[in-house]
Amino acid sequence: MPSDARTHRMPPVWRVAVLGALAALPATAIVNWLPNSEATVGGGVMIVGAVIAGAIAATDSVDPSAAGLRAGFLGGVVAVSVFLLTEGTSIIWSLNTSVFFAIAVVMLLSFTPVFGLIFGRIGGWVAHTVADFRADRAS
């Protein structure tokens with residue numbers, strides 16, 4: 001069977017991370033409807049997206065930690081992008097503001113993958129636990 005080049009462009013870990021990040025968008029919107037909820041899109045992708053990516057990765061024999069790490073990074077990129085599109089247009093960008101923002105972005109993009117890794121492992125653990133529970137009940 002010939003290999004389709006379109007399906008092999010993105011590595012499986014990134015494919016699972018992007019899928020988890022996209023699946024987290026509706027979940028974050030639903031959480032944001034709850035009273036007193038201040039959920040952000042970037043935070044939702046970083047946490048919920050990493051859990052979903054970890055669960056999908058565990059069922060697709062991909063490393064859940066790696067998928068969660070990449071989903072966390074995508075959550076950080078989404079958070080920075082949303083900030084730039086909403087609040088960044090009204091800021092007067094002086095040299096001091098630009099340097100502070102650059103340092104903050106580097107720190108954020110260094111820190112969000114750690115949360116993604118943790119929540120990706122949680123998602124993988126949940127997927128394995130549910131699969132083991134179903135296997136025990138089936139036998």
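Start by selecting H1 (12-33) and H3 (64-86), two helices that pass each other in a right-handed crossing. Helices here are DSSP runs (H or I, at least four residues; strands are E, at least two), numbered from the N terminus. A crossing is right-handed if the near helix is turned clockwise from the far one by less than a right angle, and left-handed if anticlockwise. The axes of H1 and H3 come within 8 Å and cross at roughly 50°. Axes are lines fitted to C-alpha atoms, for helices over the stretch in contact, with angles from 0 to 180 degrees between N-to-C directions. H1 and H3 are therefore oblique to each other; angles under 35 degrees count as roughly parallel, over 145 as roughly antiparallel, 65 to 115 as roughly perpendicular and the rest as oblique.

A word about what you are viewing: this is a predicted model, where local features need pLDDT of at least 70 and side-chain atom pairs count only at pLDDT 80 or more, while totals for chains, interfaces and linings use all residues. Residues are numbered from 1 along each chain as its sequence is written, and side-chain values use heavy atoms, with hydrogens and water left out.

Now show side chains between these two helices. On H1, pick Val 13, Trp 14, Val 16, Ala 17, Val 18 and Ala 21; they meet Ala 66, Ala 67, Arg 70, Ala 71, Phe 73 and Leu 74 of H3. Contact means heavy atoms within 4.5 Å. Colour by class and you will find eleven nonpolar, no polar and one charged residues in the contact of H1 with H3. Here Ala, Val, Leu, Ile, Met, Phe, Trp, Tyr, Cys and Pro count as nonpolar, Asp, Glu, Lys and Arg as charged, and the others, Gly among them, as polar.

How do H1 and H2 cross? Their axes come within 7 Å, at roughly 125°, and H1 passes H2 in a right-handed crossing. Residues making the contact include Gly 20 and Ala 24 of H1 and Gly 49 and Ile 52 of H2. By class, the contact of H1 with H2 has 15 nonpolar, four polar and no charged residues.

Which residues touch the most other members of the largest nonpolar core? Select Val 16, Ala 53, Ala 57, Ala 67 and Ala 71, from a core of 14 residues. A nonpolar core is a set of buried Ala, Val, Leu, Ile, Met, Phe, Trp, Tyr and Cys residues joined through side-chain atoms within 4.5 Å. Buried means under 20% relative accessible area, exposed over 50%, and partly exposed in between (1.4 Å probe, protein chains only). H1 gives the most to this core, with five residues. Centre on Ala 71: leaving out residues up to four places away in sequence, its contacts are Ala 17, Val 45, Met 46, Gly 49, Ala 50 and Ala 53.

Move on to Thr 112 in helix H4 (residues 95-138). Thr 112 counts as buried because its relative accessibility is 5%. Not counting residues up to four places away, Thr 112 touches Met 46, Gly 72, Phe 73 and Gly 76.

Finish in the loops. Asn 36, between H1 and H2, has a positive phi of about 60° although it is not a glycine. Ser 61, in the loop between H2 and H3, also has a positive phi, near 55°.
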